[in-house]
Amino acid sequence: MAPELDQHRVVITAAGRDFGRTLALRFAGRGAEVHLSARTLEAAEHVREEIRAQGHDADRVHAYACDLTDPASVRAFAAAVAARTDHVDVLVNNGSRYQHGTDLLSATDEEVTDTLASGATGTVLATKAFLPLLLKSAKPDIVTMVSGCGESGHHRSDAHAAFYAAKSAQAGFTEILSRRLRDQGVRVISLYPPDFDNHDPLSESWEGAPRTAKDPLTSQSLVDCIFFAIGQPRDCFIKSFHFEQV
């Protein structure tokens, strides 16, 4: 059973759709106060209203616009959160543009730049911007959704090489950060999932999804891993989760 999180203040990047939305709904469902960002304010506000419709306290769910490729936007996001709270307990680095294509020439220069900036630069900037608030928490955790593409030697995905580069950068960043922040009590937790099924938490498929050894990894299991890691006593530093690919 995942821990109740009513004493946690959680920041989630790229929470306007897909797995970011799933994270937002599930953290809020556990009682956490959630601060949600998306590239457009409208996207973040839509998820905020979905959460409020589930009965979550309106004063404990907040929406922001944040373009992870823009340093000024990341700073403004952190400043807006700091205006509402004096600390953050969990930062979830979920934002990263996906780029498909095994042919290096299939992506434009703009797509390559955006893929690297959102995944690699955005993760570093968001962590840097929120670290002062995390250091004021008694239970600070940084959770980063990397990808199997960030593992050394991984080659099974059809993702573009720029996406591989962004994920490898995230992996290197979180690896060194885990060592350097441990003495300050900050746990740095990275997840390296292969492609997975992201079921809608508000649909019947959330509870009914098949989860046998023959089935693909589910977003339910990824969320369970995150809740397990942040629910451990503070002497337990779970650095990463790696998964077999079906």
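**A walk through the fold and its aromatic pairs**

Buried residues make up 50% of the 246 residues in the protein chain, where buried means under 20% relative accessible area, exposed over 50%, and partly exposed in between (1.4 Å probe, protein chains only). Keep in mind that this is a predicted model: local features need pLDDT of at least 70, side-chain atom pairs count only at pLDDT 80 or more, and totals for chains, interfaces and linings use all residues. Residues are numbered from 1 along each chain as its sequence is written, and side-chain values use heavy atoms, with hydrogens and water left out.

Let's start with the layout. The protein chain has 7 helices and 7 strands, which are DSSP runs numbered from the N terminus (helices H or I, at least four residues; strands E, at least two). Going from the N terminus, the order is β-α-β-α-β-α-β-α-β-α-β-α-α-β. The radius of gyration of the protein chain is 17 Å, close to the 18 Å from the globule rule for 246 residues, so the chain is as compact as a globular protein of that length. That radius is taken over C-alpha atoms, and the rule is 2.2 Å times the number of residues to the power 0.38.

Now for the aromatic rings. Rings of Phe, Tyr and Trp (its six-membered ring) pair if their centres lie within 6.5 Å; planes under 30 degrees apart count as stacked, over 60 as edge-to-face and the rest as tilted. By this rule the count comes to 5 aromatic pairs. Take F77 and F130: their ring centres are 5.0 Å apart and their planes sit at 75 degrees, so this pair is edge-to-face. The pair links distant parts of the chain, with F77 in helix α3 (residues 71-82) and F130 in helix α4 (residues 109-134), 53 residues apart. Both F77 and F130 are buried, and together with Y64 they form one aromatic cluster.

Another pair is Y98 with F163, whose ring centres are 5.0 Å apart with planes at 70 degrees, so they too are edge-to-face. Y98 lies in the loop between β4 (90-93) and α4, while F163 is in helix α5 (residues 161-181), so the pair ties together parts 65 residues apart in sequence. Are these two buried or exposed? Y98 is partly exposed, with a relative accessible area of 44%, whereas F163 is buried at 7%.
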